[in-house]
Every structure is written in C-alpha cells, then in structure tokens.
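Please look through the structure below before reading on.

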Amino acid sequence: MNAKRLTTAFLIALFISAVCTWLLSRKMGTHAAEHVAESRYVAPAKPLQAGEVLKAEDLELVSWPAANPIASTFTKVDDLVGRAALYPLDKDQPITEKLLSASGAGAGLAGRIPTGMRAIALRSDEVMGVAGFLFPGSHVDVLVTYRSGSSPEPMTLTVLQDAEVLAAGQKVQPDPEGKPVTATVVTLLLTPEDAQRAVLASTQGAIHFVLRGGADKARVKDAPLALSQLSAESIPPPSPVSGRTAAIRRVAAPQQIVVETIAGDKESSETFNEVR
C-alpha cells in the first residue's frame with residue numbers, strides 16, 4: 001500500500017515538474033524573442049563595385065536589430081535585381097535606395113545618375129584639366145574665360161562650384177593604382193539648373209577645371225575678373241612721392257615764367273617768356 005502511494009506521488013510530482021519546466025521555458029523563450037527581435041535586409045553577398053548591375057546570386061538577406069531600423073532598405077532580393085550600384089558596396093552592408101541607380105536605368109554611366117540629376121560632358125585641354133589628375137569621384141569648380149559684348153577685354157567667371165566628376169574620358173572608375181588619366185573630356189554630375197549654366201558657358205569661351213579638396217564644400221561668392229583688374233592688382237599705384245607734380249611761379253625778371261617739375265626725387269625747371 002505504501003509503495004503504491006509513493007509511486008502515485010512520484011508520478012504526480014514528475015507531471016507537475018514537467019508542466020512547470022514547459023511553462024518556464026516558454027516564458028523565457030518569449031522574453032528572449034522580445035529582446036533579440038531582428039529585421040531582414042537585402043545586402044551584397046560579396047563586395048560590389050560602382051556601376052555593377054545587381055544579380056540575384058550577388059545578394060543575400062542579413063539580420064539587423066529591429067530596434068535600430070534603417071530607412072529606405074529592401075526586404076526582397078527580387079526588388080534589386082537589374083539595378084546598378086552607384087557606389088562601391090561592402091559585403092553584408094544593408095542596401096538603401098540612395099546607393100542604387102533609378103529602376104530601369106540599367107548599366108553603364110546612365111546607371112550611375114541619381115534621380116533628378118544630369119550628366120554633361122565638357123571639353124578642356126590637358127593643362128586646363130588639371131594636367132590629367134581628374135579622377136571619377138573628384139570635385140571641381142568650373143571656370144570660363146570669355147569676352148562680353150560690353151567689353152572687348154577677356155574676363156574669367158566661376159560658373160559652377162563643387163561639381164562631382166562622373167567620368168574622365170571613357171573611364172568611370174579611378175585607376176586601382178592611382179595613375180593619372182589623360183582626358184580632354186570630363187563628365188560632371190549636375191542638377192538640371194547647373195547643366196544649363198555649363199552648356200551656356202561652354203558656348204562662350206574656354207572652359208577650365210579647378211580641382212577641390214575632398215572635404216572642401218564651401219561656396220565662395222566672387223565676381224567676374226577682367227584683364228584690366230588683373231593688371232591693376234599686379235602693379236601697385238604710385239605713391240605721392242613718386243608722382244609727377246608741377247608748379248608755376250613768376251620771377252622777378254619782367255615777362256618771364258618759371259615752371260618747376262618734381263618727378264620722384266628729380267626736379268627740373270623751365271623758363272618761358274610771358275606772352276602779353
């Protein structure tokens with residue numbers, strides 16, 4: 001009798017223990033899931049270069065903490081197939097909309113133009129093109145030297161500032177070894193308004209590219225510079241001592257006038273007969 005009771009008690013205790021263990025494990029699992037909730041974003045399965053068209057085998061889904069969401073990302077691989085990367089992408093880097101070309105733009109240079117922007121090619125000689133040291137990704141100011149109808153002398157004007165170079169010649173990627181590119185045609189990434197300014201400037205005179213530092217985003221207010229202004233700034237105006245002055249005085253002698261001239265440290269005088 002006692003053995004039967006012990007067996008029953010043991011079974012009841014085992015059942016209660018199993019139920020408690022199941023409830024506890026479920027509660028702990030739910031609690032852990034709340035703290036490690038994740039989102040799944042599309043990312044490169046390998047490093048991708050700028051201009052490369054995305055294929056399904058190049059992409060994968062990566063986990064990301066749901067507590068730190070990333071705006072404008074993708075959750076389906078099929079949504080990115082056929083679009084081109086505007087910039088180099090690292091493996092497992094969540095891909096956002098701004099890193100890709102517009103849908104349907106395809107490969108090549110067109111695939112690197114963001115929505116709302118334009119690409120325009122400007123011609124310049126090698127020296128004006130910073131002697132071949134313009135690379136895709138460089139930033140430049142664009143100057144034009146021209147003659148206006150109101151003045152026959154040449155003038156130089158800055159028409160664009162901090163414009164990004166999309167391509168130097170036919171190259172849309174910097175040389176891996178950093179070698180300079182000799183190109184007389186440079187393609188810039190511009191807003192539609194700046195593209196109009198560039199086209200107008202290219203019809204007026206010679207185009208010059210001025211290389212900027214990568215971190216220099218300052219906009220400078222300047223006015224057209226004329227050749228006469230350049231000469232005036234190069235030659236200092238004469239000082240009062242070096243100027244030329246003249247004085248007229250009468251002398252005691254009848255019907256005579258003496259003109260005394262001072263030019264710098266030299267003095268001279270001339271005597272004239274007064275005409276009555």
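## Confidence

The term pLDDT stands for the predictor's confidence in each residue, on a scale from 0 to 100. This is a predicted model, in which local features need a pLDDT of at least 70 and side-chain atom pairs count only at 80 or more, while totals for chains, interfaces and linings use all residues. Residues are numbered from 1 along each chain as its sequence is written, and side-chain values use heavy atoms, with hydrogens and water left out.

The protein averages a pLDDT of 76, and 67% of the residues score at least 70. Confidence is highest in helix α2 (residues 192–202), at a mean of 92, and lowest in strand β9 (residues 244–250), at 50. Where pLDDT is low, the predicted coordinates should not be read in detail.

## Layout

The protein has three helices and 11 strands, which are DSSP runs numbered from the N terminus (helices: H or I, at least four residues; strands: E, at least two). From the N terminus on, the order is α-β-β-β-β-β-β-α-β-β-α-β-β-β.

Ile16 lies in helix α1 (residues 2–35). Ile16 is called partly exposed because its relative accessible area is 46%, where buried means under 20%, exposed over 50% and partly exposed in between (1.4 Å probe, protein chains only). Of the 276 residues of the protein, 26% count as buried.
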